[in-house]
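I opened the model and kept notes as I went.

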Amino acid sequence: MARNRTFTCGLDAAIAVMGGKWKGLILFALQDGPVRFGELRRAVPGISERVLILQLREMETTGLLHREVYHQVPPKVEYSLTEFGGSLNTAMAALGEWGEENLDRIEAIPWSDVK
């Protein structure tokens, strides 16, 4: 049985949808239009095939992206942003700009001391 969640605020809800290390990078890779699985894997360095598959499934379930299967030989699958996913990408743009503006400071943080 599906269970709905209640969130404390809009930020809580947004983080639930896009949280994790990879989803933002996948959204960014899809911003210019449909992308095939292999292209996505190359566009998100460091992600394993298994994790990419799991993240894509989650993102499809939450409505951030659309998976289009072309029945041809060889089979072709493309991923693209939904309107919902595109709106999240737009919202995240400001966060990315903040990260760029503060990159030196963020890289200088002693991350091993952060608990």
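**Entry 1: the largest pocket**

How much space lies in the largest pocket? I read off about 570 Å³. I keep in mind that this is a predicted model.

Next I looked up what lines the largest pocket. The lining has 18 residues. Gly24, Leu25, Met92, Leu95 and Gly96 lie nearest the centre of the pocket.

Which element gives the most to this lining? I found α5 in that place, with 7 residues. Both α2 (23-29) and α5 (83-101) supply at least two lining residues each. I then sorted the lining of the largest pocket by residue class. I noted 11 nonpolar residues, 6 polar ones and 1 charged one.

**Entry 2: the second largest pocket**

I moved on to the second largest pocket. Its volume is about 180 Å³. Its lining consists of Arg36, Phe37, Gly38, Ile53, Leu56, Arg57, Glu60, Arg67, Val77 and Tyr79. The largest share, 4 residues, comes from α4. By class, I noted 5 nonpolar, 1 polar and 4 charged residues for the second largest pocket.

**Entry 3: the sheet**

What is the strand order in the open sheet? I traced 3 strands in the order β1-β3-β2, and the pairing is antiparallel. Why is one side of β1 and of β2 left without a neighbour in the sheet? Both strands stand at the edges and have a single partner strand each, so one side of each stays without a neighbour there.

I then checked the pairings one by one. β1 (residues 35-36) pairs with β3 (residues 76-81) over 2 bridges, in the antiparallel sense. Here arginine 36 has glutamate 78 of β3 as its bridge partner.

On the other pairing, β2 (residues 65-70) is joined to β3 by 6 bridges, again antiparallel. I picked out two residue pairs. Histidine 66 has serine 80 in β3 as its bridge partner. Arginine 67 stands opposite tyrosine 79 in β3. I also looked up the link between the two strands: a hairpin of 5 residues leads from β2 to β3.

**Entry 4: the nonpolar core**

Which residues have the most contacts inside the largest nonpolar core? I listed Ile26, Leu30, Leu40 and Leu56, in a core of 17 residues. α2, α4 and α5 each supply at least two residues of this core. The largest share comes from α4, with 3 residues.

I took leucine 40 for a closer look. Setting aside neighbours within four places in sequence, I found leucine 40 in contact with Ile26, Ala29, Leu30, Val35, Leu52, Leu56 and Tyr79.

**Entry 5: isoleucine 47**

Where is isoleucine 47 found? I located it in the loop between α3 and α4. Is isoleucine 47 buried or exposed? It is buried: the relative accessible area is 5%, and the cut-off for buried is under 20%.

What is isoleucine 47 in contact with, neighbours within four places in sequence left aside? I recorded Trp22, Ile26, Arg41 and Leu52. I also took a distance to lysine 21, which is 26 residues apart from isoleucine 47 along the chain. The C-alpha atoms of the two are separated by 9.6 Å.

**Entry 6: asparagine 89**

My last stop was asparagine 89, which lies in helix α5. Why does asparagine 89 count as buried? Its relative accessibility is 12%, and buried means under 20%. I looked up what it touches, not counting residues up to four places away in sequence. Asparagine 89 touches Leu27, Phe28, Gln31 and Leu81.

Notes:
Residues are numbered from 1 along each chain as its sequence is written. This is a predicted model: local features need pLDDT of at least 70, side-chain atom pairs count only at pLDDT 80 or more; totals for chains, interfaces and linings use all residues. Side-chain values use heavy atoms; hydrogens and water are left out. Two strands pair if DSSP finds at least two bridges between them. On a 1 Å grid over the protein atoms alone, a cavity is a set of points where a 1.4 Å probe fits but cannot get out, and a pocket is an open set with protein on both sides within 12 Å along at least five of seven lines; lining residues have an atom within 4 Å of a point. Grid points are joined across faces, edges and corners, and a volume is the space filled by probe spheres set on the points. Ala, Val, Leu, Ile, Met, Phe, Trp, Tyr, Cys and Pro count as nonpolar, Asp, Glu, Lys and Arg as charged, and the others, Gly among them, as polar. A nonpolar core is a set of buried Ala, Val, Leu, Ile, Met, Phe, Trp, Tyr and Cys residues joined through side-chain atoms within 4.5 Å. Buried means under 20% relative accessible area, exposed over 50%, partly exposed in between (1.4 Å probe, protein chains only). Contact means heavy atoms within 4.5 Å.
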